[in-house]
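Work through the exercises below with the sequence and the structure in view. Each task is followed by its solution.

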Amino acid sequence: MKNDNKRRSFLKNISLATFSTLALSGCNMKEIDEFLQGNFRELTPEEKDEIVKNLAEKYKKRYGKEFTVSDEPAMVGVLFGYALDISRCIGCRKCVTACVKENNQSRDPQIQWIQVLEMEKERGVDLHHSNINYDHEKVPEKGHFYFPVQCQQCRNPQCVTVCPAKATWQEKDGIVVVDYNWCIGCRYCMAACPYGARHFNWGEPTIPTEEINTDVHYLGNRPRQKGVVEKCTFCVQRVRKGKYPSCVEICPVGARKFGNLLDPESEVRYILDNKRVLVLKQELNTQPKFYYYFG
Amino acid sequence: MKINEIFYFMKNRLINNISLTSLLLTLFFIFLISCTSKDMDVKKVDSHEGTEDIVEVKKVSTIDEYAVDPPPFTDGIFPCNDCHGYQDPNPVRRDLVEWHDDISFKHDSENRWCLDCHDIKQRDSLRLANGKLLDFKESYKLCGQCHGEKYRDWKVGVHGKRTGEWNGKKHYLLCVSCHNPHTPKFKKLKPDPAPMKQEDIKLVKKSENIESNEK
């Protein structure tokens, strides 16, 4: 008799629990959906469409603007590569500004994906003696050269290896991306990256509404939240549509080159074939797809 | 009477029990769902996504002509024949004082002067070393006479700025869009502001819903 009672109350409880779960989820379905969202790489196209649609609505509510949120996958037959002419860069930081605007980086607290290092010609590429806070009236400054550093899009990315949540990975076109919905903010990747290319949102990011870029990609420049890591994605929202990254388009001296490493006729391949090329911290075997060259 | 009381007591306890257990169960379910999905990912996701399965290579579409910006003429200076058409040409090398005295010429000025690039008769044209006339829109060919390596790089899109599509139509700039042909050295620029120093970045309370965060 007693046992029967137990079983009965258990059955009652479990039905009630199911009911209350449903009721609970009913009151804020979207938030729970977002919380229970699977890993982006395992989602079906329909699930991705739904997520992207919900995000567009969320951003519209927050910023009062129509957003185009894309989840465009990698093109087939493409491996993106980048080349930067250090004999030509004058350190004007136009790329930094363009990148901040294109990729909706937080203005306060300040986050910048590109850092332009000023180096002394006498010392050569010497990171220890480089300066990112140079503030000259006009650049280039005599006796100096400039060395912009951003995500090197390694073929062997250590940030991906250490991520305990599998929230960052290398796409088929070689771009290392972050799923901001899955990032748990542990910053292991920042410790693992030898280039200082990853940045953490210590506070809720702020972007002036009039400057926000509404053409966004799920894995790229969509507005981030506090507590997640972000980085350069070669402007995934642009390059997957065939456009150049915005740092390439803005560079007034044409020091930045971009293209498909698998295409022997691309600009980057021409540079690899004909110019003197170096990669940053080659000894670490990260195998960057970001090359520095002397034009 | 007594039985009634017992019933009442039991009922109360049962309700309490139910609400507590249901809450616990709900939490447990959420935990279970999130856990299982993460476990699955660890097994399925392959972090070394290679490029082995790529078959066709996406190529740059062939470019037949260079889409360039128009030559950057000073206002009102072109066509040259508006003035030169009525003047007898003077082929003697000299310092210009009356007209074009604003041109500072620092482009191998020891050995060259105006008529090495501008044609003496057809003022609206440029002139190659072999005497062939050239439109101002094709001035890159003139530059390429001496700067062959740069010209080669420019043609393939490696020297100079390109905009447009990495796998399609590109927009080129003429050499003279960036280099003044008379003083070709690239002009110095004012840099954009330096980044904030890390120690100056402060996290402040922005609104009531966002807690202030001390690092």
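**Exercise 1. Find how far apart the C-alpha centres of domain 1 and domain 2 of chain A lie.**

Solution. The C-alpha centres of domain 1 of chain A and domain 2 of chain A are 48 Å apart. Domain 1 covers 1-36 and domain 2 covers 80-294; such bounds come from an automatic or database domain assignment.

Before going on, note the conventions. This is a predicted model, in which local features need pLDDT of at least 70 and side-chain atom pairs count only at pLDDT 80 or more, while totals for chains, interfaces and linings use all residues. Residues are numbered from 1 along each chain as its sequence is written, and chains are lettered from A and ligands numbered from 1 in the order in which they are written.

**Exercise 2. Describe the make-up of chain B: which pattern does it follow along the sequence?**

Solution. Start with the elements: chain B has five helices and five strands. Helices (H or I, at least four residues) and strands (E, at least two) are DSSP runs, numbered from the N terminus. In sequence order, the pattern is α-β-α-β-β-α-α-β-β-α.

Next, take burial. A residue is buried if 20 or more other C-beta atoms lie within 10 Å of its own, exposed if 12 or fewer, and partly exposed in between, with C-beta atoms placed from the backbone. Of the 215 residues in chain B, 10% are buried.

**Exercise 3. Where do the buried residues of H3(B) pack?**

Solution. First list them: in helix H3 (residues 139-146) of chain B, the residues B:Tyr140, B:Leu142 and B:Cys143 are buried. Viewed down the axis of H3(B), these residues fall within an arc of 155°, so they line one face of the helix. The arc is that of the directions from the helix axis to the C-beta atoms. Then find their partners in chain B: strand S2 (126-127), strand S3 (133-134), helix H4 (148-155) and helix H5 (175-178).

**Exercise 4. A:Asn104 has a positive phi; is this residue buried or exposed?**

Solution. Phi of A:Asn104 is near 50°, and the residue is not a glycine. Its place is the loop between H4 and S3 of chain A. A:Asn104 has 22 other C-beta atoms within 10 Å, so it is buried.

Technical notes. Contact = placed C-beta atoms within 7 Å.
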